[in-house]
Amino acid sequence: MNLALFDLDHTLLPIDSDYEWGQFLVRIGAVDAAEFARRNDAFFAQYQAGTLDPVEYLEFSLGTLASFPRERLAAMQEQYMNEVILPAIRPSALALLQKHREAGDLLAIVTATNQFVTTPIAKALGVDHLIAAVPETDAEGNLTGKLLGTPTQGAGKVTHTKAWLAKMGKQLEDFGTVHFYSDSHNDLPLMSIVSHPVATNPNAKLKQHAAEHGWPHIDLFND
């Protein structure tokens, strides 16, 4: 069996699901529009520049989630999927996933975005395995606003991917080939240790790095 790993935002989706979740909360009036938009935009700019503190951002994002009861969160999650995510899923991304599925590969999404936002997205894409930032919950299952464990960003993607494989009694070296598709230079730690890194809709830094190292480059979203 071979392994195919996929980043999510700007890789399988032409949008950033975490940022768009924040914009969605502003749009439906669930948060203070001016203050939330200011902080969300600042964090997004830091991410693009590669200077984001992932714990600070995740606990800002998860703190927002913790302010809502579970029933309200579930309703907002469903609305967000219907209005934002499902219209953004492109046939080209589905075809890429299906190609690996038909080849018998083990598929997983590896994303820095938290599990609350990404679990229904992975389901909509037909990917059973999701490696994402884990929100802490209390004894009743309510979100506390804190991050459980380490972020799934940068080198954290390597740590979490290896831990996920270890739970199955496997390691990267057990697979004939390991693809990892990503758009961002932030994912170079994981891209650099797999057998088949693929720069997918790459940002400028990753595009240059891929060219220098002879990595393939694909664009799923040419429109």
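1. Two rings of Phe, Tyr or Trp, the last represented by its six-membered ring, are taken as a pair if their centres lie within 6.5 Å. In this predicted model, Trp-21, Phe-24, Tyr-80 and Phe-116 form one aromatic cluster on that basis, and the count of aromatic pairs comes to 10.

2. One of these pairs brings together Phe-6 and Tyr-181, whose ring centres are 5.0 Å apart and whose planes stand at 5°, so the pair is stacked, given that planes under 30 degrees apart are classed in this way. Phe-6 and Tyr-181 are both buried.

3. Turning to the helices, α2 (residues 33-49) packs against α3 (residues 54-66) with the axes 11 Å apart and at an angle of about 150°. Because angles over 145 degrees count as roughly antiparallel, α2 is described as roughly antiparallel to α3. The crossing in which α2 passes α3 is left-handed.

4. As for the residues at this helix contact, α2 contributes Phe-36, Arg-39, Asn-40 and Phe-43, which meet Glu-56, Tyr-57, Phe-60 and Thr-64 of α3. Sorted by class, the contact of α2 with α3 holds four nonpolar residues, together with two polar and two charged ones.

Note on methods. Residues are numbered from 1 along each chain as its sequence is written. This is a predicted model: local features need pLDDT of at least 70, side-chain atom pairs count only at pLDDT 80 or more; totals for chains, interfaces and linings use all residues. Side-chain values use heavy atoms; hydrogens and water are left out. Rings of Phe, Tyr and Trp (its six-membered ring) pair if their centres lie within 6.5 Å; planes under 30 degrees apart count as stacked, over 60 as edge-to-face and the rest as tilted. Buried means under 20% relative accessible area, exposed over 50%, partly exposed in between (1.4 Å probe, protein chains only). Axes are lines fitted to C-alpha atoms, for helices over the stretch in contact, and angles run from 0 to 180 degrees between N-to-C directions. Helices (H or I, at least four residues) and strands (E, at least two) are DSSP runs, numbered from the N terminus. Angles under 35 degrees count as roughly parallel, over 145 as roughly antiparallel, 65 to 115 as roughly perpendicular and the rest as oblique. A crossing is left-handed if the near helix is turned anticlockwise from the far one by less than a right angle, and right-handed if clockwise. Contact means heavy atoms within 4.5 Å. Ala, Val, Leu, Ile, Met, Phe, Trp, Tyr, Cys and Pro count as nonpolar, Asp, Glu, Lys and Arg as charged, and the others, Gly among them, as polar.
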